[in-house]
Amino acid sequence: MLLDQYIIGVGGVIALLLTVTFVWNIRSSKRRENKCSSENGVPGVTTTAVFAGECRSDVTSSDVIIVGAGVAGAALAHTLGKDGRRVHVIERDLAEPDRIVGELLQPGGYLKLIDLGLVDCVENIDAQRVFGYALFKDGKNTKLSYPLEKFHHDVSGRGFHNGRFIQRMREKAASLPNVQLEQGAVTSLVEENGIIKGVRYKTKAGQELCAYAPLTIVCDGCFSNLRRSLCKPKIDQPSCFVGLVLENCQLPYENHGHVVLGDPSPILFYPISSTEVRCLVDVPGEKVPSVASGELAKYLKTVVAPQIPPQLYDAFFTAIDKGSIKSMPNKSMPAAPLPKPGALLMGDAFNMRHPLTGGGMTVALADIVLLRDLLRPLKDLNDATSLCRYLESFYTLRKPVASTINTLAGALYKVFRASPDQARKEMRQACFDYLSLGGVFSNGPISLLSGLNPKPLSLVLHFFAVAIYGVGRLLLPFPSPKRLWIGARLISGASGIIFPIIKAEGVRKMFFPAIVPAYYRVPPVNS
């Protein structure tokens, strides 16, 4: 009897000790989790440490993860956050960027900013209004104004420092309580059974974590390390831009972008503040002359300087001597998505075009407006397969606008580049003379370039109108066999420029999106 009571007593003590130990372990685990969340600086977003290369958690506290907080990522974060989505943004470097592109927003892009409620992001950054372009060739010039008569007086292009613009958008996105902005380097996507569940990333402190959400949107820019699993990248690099900032100088045409049809390739000038003008020198090929050896400075002074407007000589030489010369590759990449449940690719990570026409931000902002409208009817994003099928419509619906701007950029760059070929020379001269005619001959192309009327058919018609105009110039007043031959080669060369670009963009989706089944996708029933 006493032995039985003793055994029962000992058993009770052991059970009590086990219970206390179990409760203590749970509380300790919760304290560690809370500490991890607060150390990451992302309250309300559950992250999970990586053990032996595996993420261990089934907790999802965000609706959307956005990789990258550049123009596309920051604008998208604010847009989805404003619609009530819980957004976790992971950006490699939250310091103000210092770039030489993404500084000229076309009027079409400005209209998208208004639509997204982000127009105040170009205020208080000393942004300059841009009303059109001026073209220079062989001592002649012509002014091309944006057709803005039908729009509000505030609508125009904007020139600004890229970093200031991005910081304003980041601040606006982070001001929303349901948007969390975190600095970290995303190393890979978390995939389970063919579905993207989230991302692996390293925090600023070097800790490896995972974050989860039903939808991960990758916007990590032209150097994306995640795009290969979400698209078939075919990247072309025809040239590099060398960037300078000219200070305290007056452009020949105030509040206009300037394009010099130089040899070997175009030279751009446009205002980015009240005292600064950005100069971009296109250098064909994948490398620029060495900065350290002084070859680049010599190239700028001896090859480029003699071709620029005389009003800019002094400021141009001063900028070279100052030594603040930057360069970056000019890349183009048609959109070739590989739809995968749980993920979407956007921005320069998904689609690039030559920056000559300044259309990149307009395409990105137009894509965000489209994606916002597609996601708005959906309350639940958790059915990854149905969502993926539905969002295939995004890739089709974006095509007419994006492909028009992409094709124009690629074709115009090839036309504007100098060439020893006589037919190409004639095409270049025909383009300058055609735009100089004014009226419908300039309004149509400039409407395409500005993003105000990005219609594929209009692009093709104007492009071949330039070619036919060039042939007409050759044959008048008296045709000759040589001129006929050059004219035939001009038409052939024009076809060889534009048709491969259109083919890469996708003929059906660009010109006939309504015959693509994805065009008619409707929101999932259980969303």
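Biologist: In the hairpin of β7 and β8, which residue takes a positive phi?
Modeller: Asp138, with a phi near 50 degrees; that hairpin has two residues between the strands. Helices (H or I, at least four residues) and strands (E, at least two) are DSSP runs numbered from the N terminus. This is a predicted model, where local features need pLDDT of at least 70 and side-chain atom pairs count only at pLDDT 80 or more, while totals for chains, interfaces and linings use all residues. Residues are numbered from 1 along each chain as its sequence is written, and side-chain values use heavy atoms, with hydrogens and water left out.

Biologist: How many bridges do β7 and β8 pair over?
Modeller: Six, in the antiparallel sense. Two strands count as paired if DSSP finds at least two bridges between them. Tyr133 stands opposite Leu144 in β8.

Biologist: And what does β7 do with β15?
Modeller: β7 pairs with β15 (residues 257-260) in the parallel sense, over four bridges. There, Leu135 has Val259 of β15 opposite.

Biologist: Is β7 mostly covered or mostly open?
Modeller: Mostly covered: six of its six residues are buried, where buried means under 20% relative accessible area, exposed over 50% and partly exposed in between, with a 1.4 Å probe and protein chains only. Gly132, Ala134 and Phe136 point one way from β7, and Tyr133, Leu135 and Lys137 point the other way.

Biologist: What's the strand order in the open sheet of seven?
Modeller: The order is β8-β7-β15-β16-β17-β14-β18, with mixed pairing. β8 (140-145) and β18 (326-332) are at the edges with a single partner strand each, so one side of each has no neighbour in the sheet. From one strand to the next, the twist averages 20 degrees.

Biologist: How many bridges join β14 to β18?
Modeller: Six, and β14 (residues 236-247) and β18 run antiparallel. Asp236 is opposite Ser332 in β18.

Biologist: Which strands does helix α6 lie across?
Modeller: Helix α6 (residues 313-322) lies across β14 and β17 (276-284), at about 105 degrees to β14. Axes are lines fitted to C-alpha atoms, for helices over the stretch in contact, and angles run from 0 to 180 degrees between N-to-C directions; contact means heavy atoms within 4.5 Å. Helix α11 (residues 440-450) also packs on the sheet, touching β7 (132-137) and β8, and its direction makes about 65 degrees with that of β8.

Biologist: New topic. Which residues have the most contacts inside the largest nonpolar core?
Modeller: Phe165 and Ile217, in a core of 120 residues. A nonpolar core here is a set of buried Ala, Val, Leu, Ile, Met, Phe, Trp, Tyr and Cys residues joined through side-chain atoms within 4.5 Å. Helix α7 (residues 360-375) gives the most to this core, nine residues.

Biologist: What does Phe165 touch?
Modeller: Leaving out residues up to four places away in sequence, Phe165 touches Val71, Leu113, Cys121, Val122, Ile125, Phe160 and Met361. There is also a second, separate core of 26 residues, including Leu244 and Phe316.

Biologist: How does the span of α9 come out?
Modeller: The 18 residues of helix α9 (residues 399-416) should span 26 Å, and the end C-alpha atoms are 25 Å apart, which agrees. The expected span is 1.5 Å times one less than the number of residues. Of the 18 residues of α9, 16 are buried, so α9 is largely enclosed by the rest of the structure.

Biologist: And what covers the buried residues of α12?
Modeller: The cover includes α9, α10 (422-436), α11, α13 (481-505) and α14 (507-511). Among the buried residues of α12 are Leu459, Phe463, Phe464 and Leu474. Helix α12 (residues 456-475) should span 28 Å over its 20 residues, and its end C-alpha atoms are 29 Å apart, in agreement.

Biologist: Last one: how many residues sit between β10 and β11 in their hairpin?
Modeller: Two, and Asn193 in the turn has a positive phi of about 55 degrees. β10 (residues 179-192) and β11 (residues 195-203) pair antiparallel over eight bridges, with Gly184 opposite Thr203 in β11. β11 is also joined by five bridges to β12 (residues 208-212), again antiparallel. The hairpin of β11 and β12 has four residues between the strands, and Gly206 takes a positive phi near 95 degrees there.
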